[in-house]
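Please open the structure in your viewer and keep the selection tool at hand.

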Amino acid sequence: MRRSLVLTGFMGTGKTSAGRMVAQKLGREFIDLDALIETRTGKTIREIFATEGEAYFRRLEAELCAELGARENLVIATGGGAFVNPQNRAAFAKAFVVCLDASVGEIIARIGNATDRPLLAGDAPQRIETLLRERADAYARITCHVDTTGKSVEQVADEIIAVMEMNVPIVVTTPEGHYPVWVGHHIFDRLVNVEMPGGCVIITHPHLGTWYAGRISQILRSQQIQTHVIEIPVGENAKTLDTVRLVYDQLIDAHLDRQTTIVALGGGVVGDLAGLVAATYLRGVPFVQMPTTLLAMVDASIGGKVAVDHPRGKNLIGAFKQPRAVIADVSTLQSLPAAEWRAGMAEVVKHGIIGDATLFEELEKGSWKLVGSWLARAIRVKAEIVSRDPFEQGERAKLNLGHTFGHALELVSQYQLRHGEAVAIGLVCAARLAQRRAMCDATLVERIKGLLQQIGLPTCVPRALTSDALVNAMQADKKRVGARLRFVLPCTLGEVVIVDDVSQDEVKQMIEEVRE
């Protein structure tokens, strides 16, 4: 379920223009309440007021509020007086409501000379001030507000989406229940809402311990939550059973019990390793993900798959361990190196190809350069898929688009290629393989390659990595079915298929086509 977003507030605050842009960014249907009334009655609002009176208009408005309040996944702009009526507020009890504000001077500048607003007849500036006073209490009852004074429509739209993301979590359903994925700026304090009767252990990297673990520990200790910090080495090479054993030793030395919550503060390596520890220490303890890289936010932290590497393959030793919560504080991305940002974008692009064509198109326009609504969209693609297939029995395998190639590229390069860089090359390989099989056209291949290049990601197989070595590495891929390799191939944006009838020779030929 996706709750509808309702924008209300005084006339001239930008509900319709901002609402239309928010709907476009979120891929939702937009409904302007006043415009819908005009369509259904065949009259303008001005004509309804003149011929039928305001009371009649308010009855129509209330009927529509009741009708739309029962629907989901909409963006709705109400008239300025709609939420004065408690009945209308109650109708949208399940929706997320944002009130748009603006200064009196701004509102007068925007609509002071309007001739199509019946409530402003006479001295418009005076009527604006009077109506604002009369409606102040109704607007004050709304929790979330966005001030539109001096802002562009796009700025307001982005702020509305940010407010929504910070107050409405993405929910992932699991066999045991569900957990929230919170996305927003400066939201570390949401960790105190997770029950931690036995205190917590923050597993992190040394530099993250310096920047963030101390701050989080202070927040928790202010709530009388006992906190320990364990630091592990940086890099994929530390994601091993040897590191897991060292973490076990510290947990045992601290006499921590099964009520202790393990918090993974870091990127995918930290999340994977800490999750495996949480799944196995004392046969399992509570677990929370706090991803600090783009890659971890959109991929590794969601879905409950945790693992460490084996010398013969990536993520071969693992388990399913669902977190109690995922808290993605995007303020941590401000210090993310550009190369890590680009690597994370590979997974975002992948999610657009798998299940959100609008997301892919938004990225093509350059929105990837700054954090925006695309982040929550990318997270939601994975959240919805893993909710439907928590143990990777079917649909979830689609998330491996580009990964059969990508994991082999990582392994053969001895992890000189970042995961996201390898996945980017893998996406091009998968698209090219689909084209060879007449499953997609050349335009899709070029769009995928073009977007990845725009972001600054590699799109060709390095010459030093031989096709024989890559195919041999794929034989250890956990996604294989018996002796057959499994590939996810794109057909169109938003549609992929899984195949397992690709020969080794076909794979080798395709790899040579994607050489530098």
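Predicted model: local features only at pLDDT ≥ 70, side-chain atom pairs only at ≥ 80, totals over all residues.

Residues are numbered from 1 along each chain as its sequence is written, and side-chain values use heavy atoms, with hydrogens and water left out.

**The sheet**

Select the 7 strands of the open sheet, whose order is β6-β7-β14-β11-β10-β8-β9, with mixed pairing. Strands (E, at least two residues) and helices (H or I, at least four residues) are DSSP runs, numbered from the N terminus; two strands pair if DSSP finds at least two bridges between them. Which strands stand at the edges? They are β6 (170–174) and β9 (227–231); each has a single partner strand, so one side of each is left without a neighbour in the sheet. From one strand to the next, the twist averages 20°.

Now select β7 (residues 177–184) and β14 (residues 325–329), which run parallel and are joined by 4 bridges. Val183 has Ala328 in β14 as its bridge partner.

**The helix on the sheet**

**The largest pocket**

Select Glu236, Gly267, Gly268, Val269 and Leu295, the closest to the centre of the largest pocket among the 50 residues that line it. A pocket is an open set of points on a 1 Å grid over the protein atoms alone, where a 1.4 Å probe fits, with protein on both sides within 12 Å along at least five of seven lines; lining residues have an atom within 4 Å of a point. The space in the largest pocket is about 1200 Å³, a volume being the space filled by probe spheres set on the points. Which element gives the most to its lining? It is β13, with 7 residues.

**The second largest pocket**

Finally, select Asp158, Leu370, Val371, Gly372 and Ser373, the closest to the centre of the second largest pocket among its 32 lining residues. Its volume is about 730 Å³. Helix α8 supplies the largest share of this lining, 6 residues.

Technical notes. Axes fitted to C-alpha atoms, helices over the stretch in contact; angles between N-to-C directions.
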